[in-house]
Amino acid sequence: MTDFAANRTMMVDTQVRPSDVTKFPIIDALLTVRREAFVPQSRREVAYADANITLGAGRVIFEPRTLAKMLDAMGIEQGDMVLCVGAGFGYSAAVVSRMSEAVIAVEQDADMARDAETILAEQGADNVVVIEGDLAAGAAKHGPYDAIIIEGGVENVPTSLTDQLKDGGRIGAVFMRGGLGECRIGYKAGSQVNWRLAFNASAPVLSGFEAEASFSL
């Protein structure tokens, strides 16, 4: 039988800490949340691999390094209201829920959203609300948010989403250009979001976050 608790410890010791992520809330959350519970049964043996885990429906769980470094760069705090976009089965939302006041998790795949709600309840993530809906639309009625995490690749982030950030809020996303990508953190100031490069990462581009088509004569 697989010792998933040992795998969690190894994940933190060999993937997260060597990436210079040492903040206690992040380490504690990653050691506590059962990553294997948030993947299909057929993927559980590789749940702690140093890679994005494919969930189906265009969703992935970020590799541990990517999620940890994104959370570290965003500086999520205990009193924050956080929006997770493209929640899949809810793993990232569960991790963030241990570091924040509340999490709204948006997933547009109906089956996945329903399963996420069940798994999060079973895992005791009582401060997470799962909403089935269009990813790019976010969940404005529950905002504004202190932080937004986009759990997948993007080529463009629509203003419909960044408008849901509080002034001074942060948004994290993996911007893809071809096969190359980088995690950027956006900081809301007034009506503008200023993006800064954080580190290299990659993920499949989410529906609704493709580059806007350009036309030329």
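How many bridges join strand β4 (residues 102-107) to β5? Five, and the two strands run parallel.

This is a predicted model, in which local features need pLDDT of at least 70 and side-chain atom pairs count only at pLDDT 80 or more, while totals for chains, interfaces and linings use all residues. Residues are numbered from 1 along each chain as its sequence is written, and side-chain values use heavy atoms, with hydrogens and water left out.

**View 1. The whole protein, with six helices and nine strands.** Helices (H or I, at least four residues) and strands (E, at least two) are DSSP runs, numbered from the N terminus. The C-alpha atoms fill a box of roughly 60 × 35 × 35 Å along the principal axes. Buried residues (under 20% relative accessible area, 1.4 Å probe, protein chains only) make up 50% of the 217 residues.

**View 2. An open sheet of seven strands.** Read across, the order is β5-β4-β3-β6-β7-β8-β9, and the pairing is mixed; strands count as paired if DSSP finds at least two bridges between them. The edges belong to β5 (128-132) and β9 (192-200), each with a single partner strand, so one side of each has no neighbour in the sheet. On average, neighbouring strands are turned by 20° against each other, direction ignored.

View 3. Look for I104, whose bridge partner in β5 is V129. Axes are lines fitted to C-alpha atoms, for helices over the stretch in contact, with angles from 0 to 180 degrees between N-to-C directions.

**View 4. β7 between a parallel and an antiparallel partner.** With β6 (residues 145-154), β7 (residues 165-177) pairs in the parallel sense over six bridges, and I149 has G172 in β7 as its bridge partner. With β8 (residues 180-189), β7 pairs in the antiparallel sense over eight bridges; here R170 stands opposite Y187. β7 and β8 make a hairpin with two residues between them, and G178 in the turn has a positive phi of about 65°.

View 5. Just after α3, G75 takes a positive phi of about 60°.
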